[in-house]
Amino acid sequence: PDMNTPRVMFTHMPPTGTLRIYTLSGQFVQQIHWTAADLRGAGDLFYDLRTREGTDLASGLYIWVLTTTQSGSGTQVARGKFVIVRGRAQ
């Protein structure tokens, strides 16, 4: 990834899965499907902070929902939050 591109890094991701991003009010913003080939390092997945329409996410609190299906352990779901604080370039 370009070091100048704003992004969030999700770490220690399973080899495949789906990540969905929502606003705090529940509006669906983005969905990312990935495979092991999309991960970097020790399972790092980068998200460029863009909506499905290609616009930048605004400052605010966002919720992520990760869904993965692992052989032998079925479907697993994890949830969390992240905050975006946008400032003006100096």
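Trainee: Which residues form the nonpolar patch on the surface?
Mentor: Bear in mind that we're looking at a predicted model. The patch has about 400 Å² of accessible area together. Its members are Leu-24, Leu-61, Val-83 and Val-85.

Trainee: Where does Leu-24 lie?
Mentor: Look at two strands, E2 (17-23) and E3 (28-34). Leu-24 sits in the loop between strand E2 and strand E3.

Trainee: Is Leu-24 buried or exposed?
Mentor: Check its relative accessible area, which comes to 54%. Exposed means over 50%, so with 54% Leu-24 counts as exposed.

Trainee: What share of the contacts with a separation of 6 or more comes from residues 24 or more positions apart?
Mentor: Picture the C-alpha atoms in a box of roughly 50 × 30 × 20 Å. Among contacts in the chain with a separation of 6 or more, residues 24 or more positions apart account for 51%.

Trainee: What percentage of the residues count as buried?
Mentor: The cut-off for buried is under 20% relative accessible area. Of the chain's 90 residues, the buried share is 32%.

Trainee: Last one: how far apart do the centres of the positive and negative side chains lie?
Mentor: There are 9 positive and 6 negative side chains.

Note on methods. Residues numbered from 1 in each chain as written. Predicted model: local features only at pLDDT ≥ 70, side-chain atom pairs only at ≥ 80, totals over all residues. Heavy atoms only, no water. Buried < 20%, exposed > 50% of the residue type's maximum accessible area, 1.4 Å probe, protein only. Contact = heavy atoms within 4.5 Å. Lys, Arg positive; Asp, Glu negative; His and termini not counted. Charge placed at Lys NZ, Arg CZ, Asp CG, Glu CD. Patch = residues over 30% accessible without salt bridge, like charges linked within 9 Å, V, L, I, M, F, W, Y side chains within 5 Å. Areas by Shrake-Rupley, 256 points an atom, 1.4 Å probe, with all protein chains shown as cover. Salt bridge = Lys/Arg side-chain N within 4 Å of Asp/Glu carboxyl O. Helix = DSSP H or I, 4+ residues; strand = E, 2+ residues; numbered from the N terminus.
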